[in-house]
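User: Hi! Could you walk me through this model before I set anything up?
Analyst: Happy to. Here it is.

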Amino acid sequence: DQTVRGDTAMTGEISLRGLVLPVGGIKEKVLAAHRAGIKRVLLPARNQKDYEDIPESARDALEFIWLETVDDAMQTALGDEGCADQGARLTEPAPA
């Protein structure tokens with residue numbers, strides 16, 4: 001049995017093919033996580049465009065991990081730190 005770290009929150013939808021799909025309300029979800037004491041948020045990589053909408057104070061306080069696949073999500077959430085396929089760890093989104 002493995003559990004997700006208590007300081008981790010995640011959102012997104014998963015396709016039948018295992019892709020993490022974008023969702024709405026990222027700013028509100030991230031702010032709620034920040035208020036709840038969360039330190040690490042796992043978000044769909046396709047929501048990187050929403051990063052700039054998040055207030056700087058929340059961006060500075062949180063670690064953002066951008067996920068492409070359900071495998072990335074599972075490995076990151078369950079703490080498999082040694083996996084090379086883990087989601088991209090970014091404090092800012094990659095340039096477009």
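**Chain overview**

Analyst: Among contacts in the chain between residues at least 6 apart in sequence, 57% join residues at least 24 apart; contact means heavy atoms within 4.5 Å. This is a predicted model, where local features need pLDDT of at least 70 and side-chain atom pairs count only at pLDDT 80 or more, while totals for chains, interfaces and linings use all residues. Residues are numbered from 1 along each chain as its sequence is written, and side-chain values use heavy atoms, with hydrogens and water left out.

User: How many helices and strands are there in the chain?
Analyst: The chain has three helices and six strands, and from the N terminus on the elements run β-β-β-α-β-α-β-α-β. Helices (H or I, at least four residues) and strands (E, at least two) are DSSP runs, numbered from the N terminus.

User: Where is confidence lowest and where is it highest?
Analyst: Strand E6 (residues 88-90) is lowest, at a mean of 54, and H1 is highest, at 98. Over residues 82-86 the pLDDT is below 50, though that stretch has eight contacts in the model beyond near neighbours in sequence. For the chain, the mean pLDDT is 87, and 82% of residues reach 70 or more. pLDDT is the predictor's confidence in each residue, from 0 to 100.

User: Nice. What about the core, which residues have the most contacts inside it?
Analyst: In the largest nonpolar core, with 14 residues, they are Ile-26, Val-30, Val-41, Leu-43, Ile-54, Phe-64 and Trp-66. Helix H1 (26-35), strand E4 (40-44) and strand E5 (63-67) each supply at least two residues of this core, and H1 gives the most, with three. A second, separate core of six residues includes Val-20, Ile-65, Leu-67 and Ala-77. A nonpolar core here is a set of buried Ala, Val, Leu, Ile, Met, Phe, Trp, Tyr and Cys residues joined through side-chain atoms within 4.5 Å. Buried means under 20% relative accessible area, exposed over 50%, and partly exposed in between (1.4 Å probe, protein chains only).

User: Back to H1, which of its residues are buried?
Analyst: Ile-26, Val-30 and Ala-33 are the buried residues of H1. Seen down the helix axis, they fall within an arc of 60 degrees, so they line one face of H1; the arc is that of the directions from the helix axis to the C-beta atoms. These buried residues pack against E1, E4 and E5.

User: And what sits on the face turned away from the buried side?
Analyst: That face of H1 carries the exposed residues Glu-28 and Arg-35. Just after H1, Gly-37 takes a positive phi of about 90 degrees.

User: Switching topic: why does Thr-8 count as buried?
Analyst: Thr-8 counts as buried because its relative accessibility is 12%. Thr-8 lies in strand E1 (residues 8-10), and its side chain makes a polar contact of 2.9 Å with the side chain of Arg-40. A polar contact is a pair of N or O atoms within 3.5 Å; within protein, one must be able to donate a hydrogen and the other to accept it, and residues adjacent in sequence count only if both atoms are side-chain atoms.

User: What about Asp-7, which side chain does it make a polar contact with?
Analyst: The Asp-7 side chain pairs with that of Thr-8, at 3.4 Å. Asp-7 is in the segment before E1 and counts as partly exposed, at 22% relative accessibility. Leaving aside neighbours within four places in sequence, Asp-7 is in contact with Ile-38, Lys-39 and Arg-40.
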